[in-house]
Amino acid sequence: MLFIFNPLWMMAQNNATLRGRLVDEIGIPVVEANIIVENTEIKTFTDKNGYFNFTVPAGKKIKVRFSHSSYKT
């Protein structure tokens with residue numbers, strides 16, 4: 001599983017938006033992958049094109065975990 005990240009951070013008060021696209025080794029979108037910010041309740045899923053978008057705390061280091069039943073975490 002390959003993660004393509006386009007850093008589109010938008011500062012709004014104390015939050016930022018994390019957006020990206022998850023694709024496999026040959027560029028096929030990974031559909032309905034779980035995306036979780038470690039040690040938080042923040043989570044989302046990729047859409048039918050592998051895109052995701054969610055809000056995270058601004059100015060704070062985070063670890064994001066991607067998982068899907070067809071791929072290794």
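**A salt bridge in a six-stranded chain**

Visitor: Let's start with Glu38: is Glu38 buried, exposed or partly exposed?
Guide: Bear in mind that this is a predicted model. Glu38 has a relative accessible area of 26%. Buried would need under 20% and exposed over 50%, so Glu38 counts as partly exposed.

Visitor: Which residue forms a salt bridge with Glu38?
Guide: Searching the whole structure turns up 1 salt bridge. Its closest N and O atoms sit 2.7 Å apart, inside the 4 Å cut-off. Glu38's partner here is Arg65.

Visitor: How many residues apart in sequence are the parts that this pair ties together?
Guide: Arg65 belongs to strand S6, residues 64-67. Glu38 is in the loop between strand S3 (34-37) and strand S4 (43-45). The pair therefore links parts whose separation in sequence, in residues, is 27.

Visitor: And what is the relative accessible area of Arg65?
Guide: Arg65 falls between the 20% and 50% cut-offs, so Arg65 is partly exposed. Its relative accessible area is 42%.

Visitor: What pattern does the chain follow along the sequence?
Guide: The secondary structure has 0 helices, so strands are what's left to list. There are 6 strands. Reading along the sequence gives β-β-β-β-β-β.

Technical notes:
Residues numbered from 1 in each chain as written. Predicted model: local features only at pLDDT ≥ 70, side-chain atom pairs only at ≥ 80, totals over all residues. Heavy atoms only, no water. Salt bridge = Lys/Arg side-chain N within 4 Å of Asp/Glu carboxyl O. Helix = DSSP H or I, 4+ residues; strand = E, 2+ residues; numbered from the N terminus. Buried < 20%, exposed > 50% of the residue type's maximum accessible area, 1.4 Å probe, protein only.
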